[in-house]
Amino acid sequence: MDYKERIRALREDNDYTQTKIANILNIGQRTYADYEYGKTRIPVDALIKLAKFYDVDMNYISGVSNKRNIFPTE
């Protein structure tokens with residue numbers, strides 16, 4: 001799974017709209033949709049914000065790993 005699929009899956013799993021996530025990133029909904037569809041590459045700082053927001057590891061959100069967290073929470 002690559003980052004485009006991962007950010008969409010995280011958003012949908014948490015029942016968030018593209019508009020809600022776009023607001024968190026301080027961008028427009030259309031720009032966020034372009035990230036999910038791969039029309040525009042998502043900046044690293046936006047990936048970091050999303051990883052913190054969803055409380056997942058950067059390797060997970062970027063699609064490098066399937067482990068959500070390096071250090072599992074209890």
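Helices here are DSSP runs of H or I with at least four residues, numbered from the N terminus. This is a predicted model, so local features need pLDDT of at least 70, side-chain atom pairs count only at pLDDT 80 or more, and totals for chains, interfaces and linings use all residues. Residues are numbered from 1 along each chain as its sequence is written, and side-chain values use heavy atoms, with hydrogens and water left out.

**Exercise 1.** Find the residues with a positive phi around the helices, and say where they sit.

*Solution.* 
- Start with the background: most residues other than glycine have a negative phi.
- Go to the loop between helix 1 and helix 2 (18–25), where you'll find Asp 15. Its phi is near 55°, and Asp 15 is not a glycine.
- Move on to the loop between helix 2 and helix 3 (29–37), which holds Asn 26. Asn 26, also not a glycine, has a positive phi of about 60°.
- Finish just after helix 3, where Gly 38 takes a positive phi of about 80°.

**Exercise 2.** Work out which residues of helix 3 are buried and what covers them.

*Solution.* 
- Pick out the buried residues in helix 3: Tyr 32, Ala 33, Asp 34, Tyr 35 and Glu 36.
- Now look at what lies over them: the cover includes helix 1, helix 2 and helix 4 (44–54).

**Exercise 3.** Describe the largest nonpolar core, then follow Ile 61 through its contacts.

*Solution.* 
- A nonpolar core is a set of buried Ala, Val, Leu, Ile, Met, Phe, Trp, Tyr and Cys residues joined through side-chain atoms within 4.5 Å.
- The largest one has 17 residues, and those touching the most other members are Ile 7, Tyr 32, Ile 42, Leu 50, Tyr 54, Val 56 and Ile 61.
- Helix 4 gives the largest share, five residues.
- Contact means heavy atoms within 4.5 Å. Setting aside neighbours within four places in sequence, Ile 61 is in contact with residues including Tyr 3, Ile 7, Leu 50 and Tyr 54.

Definitions and conventions. Helix = DSSP H or I, 4+ residues; strand = E, 2+ residues; numbered from the N terminus. Buried < 20%, exposed > 50% of the residue type's maximum accessible area, 1.4 Å probe, protein only.
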